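Here are my notes for a reader who is meeting this kind of file for the first time. Please keep the sequence and the structure open side by side while going through the points.

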Amino acid sequence: MAQSSCTSAQTRALLLGCLCIFAMGGLVFGISSIFPNLYDEDAFEGVCDARHLCPHDGTACCNEQLQILSLFSSIGFFVADGAAAPWGEIVDRCGSRACLFCAALMSIIALLFLGSGSAIDEAVENNGWRGSLGADTLTSIGLVLAGAAGPGVFNGVYTGCL
């Protein structure tokens with residue numbers, strides 16, 4: 001009879017790790033997949049000329065909206081590249097569980113910022129205005145924080161599963 005190479009606790013830890021890495025990789029590097037949703041939720045619509053009627057069909061209202069959304073998602077990508085070293089220090093000094101907890105918390109905050117930006121944009125649009133600096137700021141911060149959180153989840157899970 002073949003002997004199992006890992007315990008059930010190790011298997012659960014490995015599955016949790018794979019799910020966390022999959023989820024965070026999708027959040028950081030798959031952020032462009034939610035661009036149509038952000039367009040429909042009027043993210044950065046204030047940069048467009050007021051004469052434009054936004055189509056709300058998943059396409060950008062104007063080129064400026066596409067450019068600014070691409071800019072902040074690119075900043076998030078660069079932050080993800082640079083954040084690996086600080087997260088490595090955190091995992092070395094505090095342990096993998098603390099690193100995973102902090103990175104997951106940062107990811108949750110980033111998603112709350114993205115959602116709050118959309119909610120503010122919706123409230124502003126219901127009042128007949130176009131675009132909101134506060135909502136755009138929350139969306140920008142959310143995109144950058146999502147980039148910063150991804151390597152922390154990877155480092156916490158990777159070292160925790162080793």
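1. Which backbone oxygen does the side chain of threonine 139 reach? The side chain of threonine 139 reaches the backbone oxygen of alanine 135, at 2.9 Å; a polar contact here is a pair of N or O atoms within 3.5 Å, where, within protein, one must be able to donate a hydrogen and the other to accept it, and residues adjacent in sequence count only if both atoms are side-chain atoms.

2. Before going further, please note that this is a predicted model, in which local features need pLDDT of at least 70 and side-chain atom pairs count only at pLDDT 80 or more, while totals for chains, interfaces and linings use all residues. Residues are numbered from 1 along each chain as its sequence is written, and side-chain values use heavy atoms, with hydrogens and water left out.

3. Threonine 139 is placed in helix α6, residues 133-161 (helices are DSSP runs of H or I with at least four residues, strands are runs of E with at least two, and both are numbered from the N terminus). Threonine 139 is buried, because its relative accessible area is 1% (buried means under 20%, exposed over 50% and partly exposed in between, with a 1.4 Å probe and protein chains only). Leaving aside residues up to four places away in sequence, threonine 139 touches Ala43, Phe44, Phe113, Leu114 and Gly117, where contact means heavy atoms within 4.5 Å. Serine 118 is 21 residues from threonine 139 in sequence, and their C-alpha atoms are 7.7 Å apart in space.

4. Turning to the cysteines, the count comes to 1 disulfide, a disulfide being a pair of cysteine sulfur atoms within 2.5 Å. The disulfide joins cysteine 48 to cysteine 62, with 2.1 Å from S to S. Both partners, 14 residues apart, are in the loop between α2 (35-40) and α3 (63-82).

5. Cysteine 99 is in no disulfide, since the nearest cysteine sulfur, that of cysteine 102, is 7.2 Å away. Cysteine 99 is buried, with a relative accessible area of 0%. Cysteine 102 is in no disulfide either, and its nearest cysteine sulfur, that of cysteine 94, is 7.1 Å away; cysteine 102 counts as partly exposed, at 36% relative accessibility.

6. How many salt bridges are there? The count comes to 1 salt bridge, which requires a side-chain nitrogen of Lys or Arg within 4 Å of a carboxyl oxygen of Asp or Glu. Its partners are the side chains of glutamate 89 and arginine 93, which meet at 3.1 Å, N to O. Both residues lie in helix α4 (residues 84-94), 4 residues apart, about one turn of the helix. Glutamate 89 is partly exposed, with a relative accessible area of 40%, whereas arginine 93 is exposed, at 67%.

7. A last point concerns phenylalanine 101, which lies in helix α5, residues 96-126. Phenylalanine 101 is exposed, because its relative accessible area is 57%.
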